[in-house]
Amino acid sequence: MIIFPCRSSRTSSIISSSPLVVNSFLGILSSIEILVILLFILFLAWTYYARISNDFKKLLPDKSLKLNLWQLKYLRIATRFGLLAEACLALLLLPILRGLALFRILGIQFEASVRYHTWLGTAMIFFAAVHGASTCFVWGVSHHIQKEIWKWQSTGRIYLAGAITLVTGLVIYVTSLPQIRRMKFEIFYYTHHLYTIFLVFFLFHGGDRHFYTVFGGLFLFSLDKLLRIIQSSPRTCMISARTFPSKAVEIVLPKDPWLKYMATSVIFMKIPAISHLQWHSFSIISSSRAENQTMSVIIKSEGWWTNSLYDLIQAEIEKGADKRKGIPVAIEGPYGPASLDFLKYDSLLLVAGGSGITPFLSILEELNSSSSKSRYPSRIHLVYVIKKAQDFCLLHPISHLLVNHSTENCHLNLKLFVTQETQAGVGIKELLNEFSKVRTLELDTVCANYAVHGPESPSCLAAIVGMSSIIFLFFLICFNHVIIPSGKHSNSSKQKTPSWMVDLLLIAAFVLALACNGLVAILLRWRRLKKGIQPISEKDMKPLDLSSAEIRNALEEHEVHFGGRPNFEDIFGMFQEETCGSNIGVLVCGPETLKESVAAACRKQSNCFKFGGGKRTEPCFTFHSLNFTL
């Protein structure tokens, strides 16, 4: 057993990142997340109570609907539930911003912030359903439902637009449930684009005053979407590809040498040969520090799109070299963390399940290529859980690290668990021999007019957002002065202006502001792009020489277990004994059940929550959850 010397303890936000709640329904929640959720619920409760109390004090009979007192009170209660849905909608789009990601400033990656979007969407649909169903109930009891629901009046609430908004929201929500999203991704993907109808009819229903509440998030989302379209419009081509026995594909793409990204970054990819509309996210497995002109992703075949990609690559391999043609690819990103602070521990425990290994491949490449010896951990323990032995081929990009597990930057130890197979006498050496079955495809890059350049700089994006806001306000003020009559000429003229006309002017100012900034973004983009790609010397993956005694001794330190799952409490205990560092980072990526098991063991074994004046000498496990795709 090798004992590594301790380094000085680092100061980190241990409590904020450690799991406080581990539940199969709620997932894994940290103390900061629980605090923010409670504060948001308190805000909603206070807002609702303040509004409904004021409504009841000023309650007056409605002569047009002829409602009695309890019906009138219930109608106000239903109306204020719509206010809660509006509050959720105001924040709904912020977690899914990519280029303008606000959560990245807080150290939260885009893939992790998507669950906040899911929580807000669920709350919004619940409040909106109560709002709509209760309103229809009151109208039904008072026999006014047919009169009110089909009315598209000139001023005030347009209830038909509200009904369309609710139905559209329910369709989006139902098709985004995990049972449908995992089995029928195409249905989830295409119905989610109904958000445009949802937002337009919400504007008609709530009016411009309520629309300004959600305008900030909608404006940033629309601008982010426009910038992403502009970024991905110059397509590139695959340089090469590899197929693995586990029906996985590694794709190598050209990138600009100046493009730098952090480990665990993701890209969004569209391959027109498969679909002109679908985008899919994948973790980058390479390091921009080690690979200056290329970046790579590994994609495992698990659905229609990924199976089509695997078949496309296989078909190209079967062709002769003279008949092969380039495969165009559109790329968004890379998007990743603002820093690698979550890697600055004394030691690292990486736990991956299946395709969840992909973010860790980039981490290991980053750590191995780092020139600073004290910046990153020197001891890395990788626990990899797979169903079948052939899935081990996903470790092909780091095979050189498995053979030379002790480099001058880090020491890597692998524990492999194959859960659905039982084989006697099979070790890492025998599994490494399976890499000979990997097939490589060299593609024609004549179609690759551009390399991947990545998104604009943060300062440029901030300038675009500021300019967009000014242009929007300019057009809105002009429309209000030119089209809507002024009160100086007629006191009643503005009141006679239909509310839907005001809504249309708001949409027009919104679209014009986006169009102007779209032109600016296009000019900036084309000035930055350099046509053509530099000659790329593809890294030669030489066959591994496993015959030397030194390599055989190194491979014996790795462990292979067949027919069982890992006992994380034992693994945590052994890792404590092997390392004397007081800060141990635990990174997990894979199925939710795997994450919950690791989080529970991490919470049980960690001593981070012991406060006192003395120096803590016992190891502290700090938990981080990663995602390899959305």
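Me: Start with S347: what does it stand opposite in β15?
Reply: S347 stands opposite I584 there. Strands here are DSSP E runs of at least two residues, helices are H or I runs of at least four, and both are numbered from the N terminus. This is a predicted model, where local features need pLDDT of at least 70 and side-chain atom pairs count only at pLDDT 80 or more, while totals for chains, interfaces and linings use all residues. Residues are numbered from 1 along each chain as its sequence is written, and side-chain values use heavy atoms, with hydrogens and water left out.

Me: How many bridges join β10 to β15?
Reply: 6, and the two strands run parallel, with β10 covering residues 347-353. DSSP has to find at least two bridges between strands for them to count as a pair. β15 also pairs with β16 (residues 620-626), in the parallel sense over 7 bridges. In that pairing, C589 has L626 as its bridge partner.

Me: Is β15 mostly covered or uncovered?
Reply: Mostly covered: 7 of its 7 residues, 583-589, are buried. Buried means under 20% relative accessible area, exposed is over 50% and partly exposed is in between, with a 1.4 Å probe and protein chains only.

Me: And which way do the β15 residues point?
Reply: N583, G585, L587 and C589 point one way, and I584, V586 and V588 the other. In a regular strand, side chains alternate between the two faces of the sheet.

Me: New topic. Which residues have the most contacts inside the largest nonpolar core?
Reply: L89, M124, F211 and F472, in a core of 59 residues. Such a core is a set of buried Ala, Val, Leu, Ile, Met, Phe, Trp, Tyr and Cys residues joined through side-chain atoms within 4.5 Å. Helix α9 gives the most to this core, with 14 residues.

Me: What does M124 touch?
Reply: A85, C88, L89, L92 and F198, leaving out residues up to four places away in sequence. Contact means heavy atoms within 4.5 Å.

Me: Which residues of α14 are buried?
Reply: Among them are C460, I464, F472 and F479.

Me: What does UniProt call residues 460-484?
Reply: An unreviewed UniProt entry annotates 460-484 as "transmembrane region", along with others including 504-524. Such annotations may be inferred rather than shown by experiment; feature names are shortened and positions follow the numbering used here. In the model, 460-484 is 92% helix, and 504-524 is 100% helix.
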